[in-house]
Amino acid sequence: MNKNKEQLLNKRYKAEQRFRLYGLSAIFMALLFLTIFIFKIFSTGYSAFQKTWLIVPVTFDAELMMLDQNPSKEDLQDADYYDIALKSMADLDPNANEDQENELKRMVSYFFEKEIKNELLNDPNLIGKTKEVYLTASDDLDQVFKGNYPRDLPEDQRRVSDYQLKIFDQLVANGKVESKFNISFFTNADSREAELAGIASSFMGSIFSILVCLMIAFPVAVLAAIYLEEFAPKNRFTDFIEVNINNLAAVPSIVFGLLGLGVLLAIFHLPRSTPLVGGITLSLMTLPTIIIAARASLKAVPPSIREAALAMGASRMQTTMHHTVPLSMPGTLSGTIIGLAQALGETAPLILIGMVAFVNTIPGSPMDPAASLPVQIYIWAESAERGFVEKVSACIMVLLGFLIIMNLFAQIIRHKFEKKWS
Amino acid sequence: MRKNGVKMIKIKAKDVDVFYGKKQALFNISLDIEENQVTALIGPSGCGKSTFLRCINRMNDVIDICSVKGEILINDFNINDKSCDVVRLREKIGMVFQKPNPFPKTLYENVSYGPTIHGMAQSKQEMDEIVETSLKKAALWEEVKDRLHEPGTGLSGGQQQRLCIARAISVKPEVILMDEPCSALDPIATAQIEELIDELKKEHTIIIVTHSMAQAARVSQNTGFFHLGQLIEHGSTDKIFKNPDNKKTQDYITGRFG
């Protein structure tokens, strides 16, 4: 009898130990996957925050620019910079033939003419002088400099020719290639050229979408939750509504995209590809999440507080507004932010309403066409150029940073409001 | 209180039935409550004494499935009548609950809430006065006067309950309902509250539901004994405890059941 009991006890302890082990290994697995994921993204993405520049001597020859003596500001604006730009690239190799000159030109971004123009506009005294100008390297050379380019491939399988590599190596040896922080990644809109593409358009698009989504979803959801929880009679009709809200939370997001396409664009003719339409579509998706969170936190307010207020002669409205809703706010707000974070990472519905279009302008309002961060990731991930690989990871890093900040915000709100009184 | 030897009746319940859905919780309760006296309602758990108490300020309205029949007259006005305004009624009838339930706000806000929503103070000064007198009447002023703007939830259990009493009397109610106000408190806090009840009955009519027969005997002048949803017996506390008419009352008082 006693022996049996001891065996049983041992068995119970062992079961507990096993259970702990399972739990620990589950956490370990989760951490491992997370680490691999983050390491992969950071290791491919960090280089996108650096940009390679070629330092090329440019002679600002007034004759080539078709400028008279003492040119005015407008003259400088209208001057022809293409020839001096071309010449300064060709001068990198005095012995180059015509084909090679073309290749030399393609070592920098097609933007190089403008970079030279800006240099002169900043300092008009440069006319007739020679200055070393920073020119954005082409995306392939950028990758070569960052060591991401397979130089040992046969030449016909590479986008960089042997000749370009030779000149580039000379420039590197002379210290005429520099890597600097990539500001244009944050200030430029999308571009077909990887070296010029930035996230400004999609970042602003995401912010506008989220704001529209917040402004629609939050008031509607909170009012709906308050009504359902505090005022609605409990009958079959409200049960039906409750079941449907829960169902709505489980509807795949692409369905909401179709709804946006069919209703907002086809019937109401709202402007296509805009954060306005995106935000409305996302708000439909976020609504049930916020309603459920708000109802849960209203339910969590102790009934004794409601009774206390009612017994003091407060009306139902006063009880709700003075006591129940303020107490439920921390939960509601963190639910809202989690819902918004979900919406921020949503791609499918935005693709359907046209936010996947190529947008090379930065939106100034929710009515301007824009992309959004997750859609930008999708667009770049589809592009063939090697230069976009690191951009995808960099964009993911920005999106993750955004999400982390939002979640942090949710935590802070929670703590701030909850600590105050308990 | 007796004027010229006649009992002044504050509340008159006539044939009150209460149903929770189909289940009947109170049967035909008729009970008179005397003005400026403490009336204790005793009885075993689930006998309906709290339900009856909650009829008096119509807190049962909050429960969807609960329905009340019969008349409850306060100052000869039937509160179950359709013309009765619940908000006004509850202004006149304060309530103190079993578990102290101060609002998660400051002490000051707790006490000033009732006067604020009922518009009882014209200025900050008047409000300060109401808060001070209410807290003084609840015998809490000396303990908290230096921390009026700290959270009410930071007080001890007994202090919280006295805060709830202060909150209830801040709107100068005619009647105070107490639903087992001491069941969550230790003996010292209980003694303080009982002393307070004795003081409060000078200005208010008090009905107290209690599980403790000793407490009923200590604080009340009248007692009603409930059993299984029926009012078995009621009368002066002296009589109920010393010489009850009904055998069930006798058995309960002497601890034979319940």
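How many other C-beta atoms lie within 10 Å of that of Asn75(B), a partly exposed residue? The tour ends there.

This is a predicted model, in which local features need pLDDT of at least 70, side-chain atom pairs count only at pLDDT 80 or more, and totals for chains, interfaces and linings use all residues. Residues are numbered from 1 along each chain as its sequence is written, while chains are lettered from A and ligands numbered from 1 in the order in which they are written.

Strand β1(A) runs antiparallel to β3(A) (residues 177-181), with five bridges; two strands pair if DSSP finds at least two bridges between them. Thr52(A) has Ser179(A) as its bridge partner in β3(A). Seven bridges join β1(A) to β2(A) (residues 130-136), also antiparallel. There, Val58(A) is partnered with Lys131(A).

Now select chain B, which has ten helices and twelve strands. Its C-alpha trace spans about 55 × 45 × 45 Å along the principal axes. Of its 258 residues, 43% are buried (20 or more other C-beta atoms, placed from the backbone, within 10 Å of the residue's own; exposed means 12 or fewer, partly exposed in between).

Next, pick Arg58(B), in the loop between α1 (49-56) and β6 (66-74) of chain B. Arg58(B) is not a glycine, yet has a positive phi of about 55 degrees. Most residues other than glycine have a negative phi.

Finally, go to Asn75(B), in the loop between β6 and β7 (77-78) of chain B. Asn75(B), not a glycine either, has a positive phi of about 50 degrees. Asn75(B) is partly exposed because 13 other C-beta atoms lie within 10 Å.

Key
Helices (H or I, at least four residues) and strands (E, at least two) are DSSP runs, numbered from the N terminus.
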